[in-house]
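Thanks for coming, everyone. I have a few minutes and one structure to walk you through. Please have a look at it first.

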Amino acid sequence: FNHVSPYKNMVGMSVKFQAQTTAFRPRSGSLLLNRPTSAIEIATPALLVTTSRGVVPHLTQAHASTLPCLQVPFETFLEHSPPVPTLHPGSHPLHSFLGFNPENQLLILTLRDPHDVRETPANTNNYVSAVTGRGIRRILSLRCQIYHSLLPPFSQKRVERSVSRSASWVSQILGPNRNVLVHMAGGVSIAARKAFSSNLIEKLHGREAEAISPHKSLDDGLVGYVFDLAPLRMEMDAVSTGDAPDLTTLLRASLDSMPSSKLRVINSVSSPHEILRLIRDVGVDIFDSKWAQDNAAFGVALDFVFPAPAFQTRQNLGHNLYRTDFAQDFSSLSSSYSPCPCPACRPVATSQSAIISHSTMDQFRTDGTPQPASRAYIHHLCLTHEMSAHSLLVLHNLAVMQAFLASVRTLLEHSDNFGRLVDDFHNAYHEGHEQISEARTMW
Amino acid sequence: MAKFEILARCPTTRARVSRLTLSHGETALPTFMPVATQAAIKGLTSQQVESLGISLILNNTYHLNLRPGVQILAQAGGAHKFQGWNKNLLTDSGGFQFVSLSKFAKITEEGKQTILVFWRNCNSHFGRRLILQPLHRRANDADSPEESISIQHAIGAGSFHSSTGFRDLEYPADIIMQLDDVVPSLTPDRARVEEAMERSVRWLDRCIAFHNASGKQTTQNLFAIVQGGLDHELRDRCLKQMVERSNQVAGFAVGGLSGGEEKDVFWRIVKQCAEKLPEEKPRYCMGVGFAEGNLSSLVQAVHSNTSTDLLVCVALGVDMADCVFPTRTARFGVALTRNGPLNLRLAKHATDFSPIEKDCPCPTCSQGTSRAMLHHIVTRETAAAHAVTIHNIVFQAQVMGGARDAIIAGTFPQYLKAFFAGYFADAGYPEWCVNALQSVGVDLLEGLDPSEVKIIPGSGAKWEYSTNKSKTK
Ligand SMILES: [Zn+2]
Ligand SMILES: [Zn+2]
């Protein structure tokens, strides 16, 4: 159960859905976080932006502060003891330390980086391992109250241990005002996944019940469920003869007996196609944007929309701007999603009053509409290894993803042919990753 | 041609405040120019740079000619449009880069017969090493004065004669530099320095002729570059010849410095040039405070005091200077402050929740980004470089803006004393700064207890030394 809301004074979180949802129907809704002085409402399906060491890679703070929902792996802060953010004065220490705004930015805290599948020393009943910039740290699970999913426990024994250990950790983390998301354990074993889920909804008695009071079951204290696809995929790949159940079956096995009123979060999603399938088949509410951010880091500008236009031929999801084809391409980054509102594609002229004045005689003239960043310009920045290439591409790719999900929400609410549109999208765009793997080698 | 109005003069030093009006608006002088070598400033958008109160940046012709190349810049409608920059832009001549690359370049009267090389970088933004790697040989490709100006015209997009025809483009460049023959400032061969100086004068004539013939002189402003190495007599001869051409150029630059020469020699050459250059033209000191030498970037970064170097230059009569220092040092986690450079990598910053500088108006400090947070990400995330770059650019611009206000108020000597006291109070004053400012009537040590004041000979670099040993585990 790797997700804890990062607030000193925890506050209520609730999820509501547009319509009464049955188990795995696609759904739109909203995630509401009430704080004493403010409320944050995030429309779902929503995007969860990935951070590294507490920052959105390649973005300045001004740009990162516009993102509503972010995930913060805590492990790098364990390089110092006690972790530096816990020393920060004020009521929202993590927000303040990282420069996010508690009034309109929601942070989801994890111990481990959910995308990092490097092998770490095995966890024990009391300790979990985390990777920091200074090596592995073992965290007393009781004290830090944060836990990350186990790495693929391949043996039957390890699966059983992981399931029972995870359940016991959940009981230690629950509190009256904590917003806890639980990682759904059980790996590729349908039986283990079901066992873990039934542990969560089982009514507890005696001392176990006292420990989680006022909750009656572990699940009572949870706001939602998390699936980390990176380790799950590793495990699926490792299962021989291709008899591993598919992703949908595994996720459904975990959710089958659980109430459908709670948040469903996915980490390490690999394409917009997969997002659409997980919305359609599992009713997932939140998706991380690591995939889009990685594309930006490798020089790929995303260019797709939902619903997909009718193309003559199947399109790539983006453009590898390292390719020399773009050296003289002065168009802006998106051709299908236009006009893209991101600061790369539609820069906004700096207002006179926002310009820092350095002396009494400084005079500022703001004139004209700023020029959008062209593919040729970013191609040049990629080839010259300028950091600005990646700043601009992250801004753009996150905007494309936000627009994609906004459009998904609209269609879920106003259209009843979502399933067909998902099929159309699969026909319109290649799901493969030629662009990103090619860009990765050019980079 | 550019409009250059002097608004105030310091009654004591040779500093002055002026306003330079170019095609893309006004720039208040004295100023420093951030360097956008490859048409971008370290991870920031053009709008962000503009919001920092920057109205004049520098592009390197040499680099932009290699990539993306003039043809593409012209197709884009000029360097302004290419990089989305709506303020003033200065392009250097490309001569300077040949100093560092002179092993690969054979200089001739016609221009330069060159073997082109390019900077090949490792793929990391950090720990990046510059490796010179022959790109391709273009044996008879002369980089002549005419070609340099032509390239700068194109970069500025005055017009460019391309295979697709002659294009007149909307936005002309603002300041272009003559091609000069640069020899490393420490060259012992006086005959070579003299030859380079005389050649630079001849090349200036060719640049002027070509520039005027192109009809671009109304929108693009050509600056001459004074050469002559560290030799006062050669500098004088160059100054005399170039000042004779004063009405043909929009301004003058002092070139051939910052090549690793003694600071005591550096300021005397700057002073000599500033004194002899015409009052009614802007004076640009090239590449202040940051030697492009063999030292690693980090060593240079930590041994430069660009802020104080720039103020000395201003006091000597310099109006503008470019420096890569604020942006380059940011990458290594070096933040500029009134108390000297701050090495954010040091363990002592790990739990310090104060900003780099209290009351700093930059977005990094004013939004409350702490030294502790920067320490956590510095050299690991490019976002750290962005945050420190933002601060350093604003810091440097504030130092220059403060100088403008002080000159206007007639309090520039006090401003210098206060700034130097804050910067060098504990480490000691560099002797060369004391001497340089003394020469223009400012006694930095006036009123200080001689037994308390330390004077540091040499460059007087002030630096928070970083050693891994001092880091607590
Ligand atoms: Zn965009
Ligand atoms: Zn600042």
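Which residue forms a salt bridge with Arg268(B)? It is Asp264(B), and the closest N and O atoms are 3.2 Å apart. By salt bridge I mean a side-chain nitrogen of Lys or Arg within 4 Å of a carboxyl oxygen of Asp or Glu.

Before I go on, some ground rules. This is a predicted model, where local features need pLDDT of at least 70, side-chain atom pairs count only at pLDDT 80 or more, and totals for chains, interfaces and linings use all residues. Residues are numbered from 1 along each chain as its sequence is written, chains are lettered from A and ligands numbered from 1 in the order in which they are written, and side-chain values use heavy atoms, with hydrogens and water left out.

Back to that pair. Arg268(B) and Asp264(B) both sit in helix 9 (residues 263-276) of chain B, and because they are 4 residues apart there, about one helical turn separates them. Helices here are DSSP runs of H or I with at least four residues, strands are runs of E with at least two, and both are numbered from the N terminus. Arg268(B) is partly exposed, at 36% relative accessible area. Asp264(B) is partly exposed too, at 28%. The scale is this: buried is under 20% relative accessible area, exposed is over 50%, and partly exposed is in between, with a 1.4 Å probe and protein chains only.

Next pair. Glu195(B) and Arg192(B) meet in a salt bridge at 3.0 Å, N to O. They are 3 residues apart in helix 7 (residues 190-214) of chain B, so about one helical turn lies between them. Glu195(B) is partly exposed at 36%. Arg192(B) counts as buried at 19%.

One more pair in chain B. Arg19(B) bridges to Glu26(B), with the closest N and O atoms 3.7 Å apart. Arg19(B) is buried at 14% relative accessibility, and Glu26(B) is partly exposed at 28%.

Salt bridges also link up into a network. Its members are Arg190(B), Glu194(B), Glu198(B), Asp231(B), Glu233(B) and Arg237(B). Over all chains, the structure holds 42 salt bridges.

Now the metals. Which residues hold the zinc ion (ligand 2) as donors? They are Cys360(B), Cys362(B) and Cys365(B) through SG, and His391(B) through ND1, at 2.0 to 2.3 Å. Donors are N, O and S atoms within 2.8 Å of the metal, or 3.2 Å for Na, K and Ca; water is not among the atoms, so sites may look incomplete. The spacing in sequence is C-x1-C-x2-C-x25-H. Cys360(B) lies in the loop between strand 18 (342-343) and helix 13 (363-366) of chain B, and His391(B) lies in helix 15 (residues 382-409), so this pair ties together parts that are 31 residues apart in sequence. Cys360(B) is buried at 10%. His391(B) is buried at 0%.

The zinc ion (ligand 1) takes Cys340(A), Cys342(A) and Cys345(A) through SG and His396(A) through ND1, at 2.1 to 2.3 Å. The spacing here is C-x1-C-x2-C-x50-H. Angles run from 97 to 121°, which makes this arrangement tetrahedral. Cys340(A) and Cys342(A) are buried.

Stay with chain A. It has 15 helices and 15 strands. Of its 443 residues, 59% are buried. His115(A) lies in the loop between strand 7 (106-110) and strand 8 (127-132). At 15% relative accessibility, His115(A) is buried.

Last stop, the interface. About 5,500 Å² is buried between the two chains, with 56% from carbon and sulfur atoms. Buried area is the accessible area, with a 1.4 Å probe, that two parts lose on being put together, summed over both. On the chain A side, His358(A), Met361(A) and Met387(A) lose the most area to chain B, together 15% of what that side buries. The rule finds 2 salt bridges across this interface. Glu386(A) and Lys42(B) meet in a salt bridge at 3.6 Å, N to O.

Key
Tetrahedral: all angles 85-135°; square planar, octahedral: opposite > 155°, others 65-115°.
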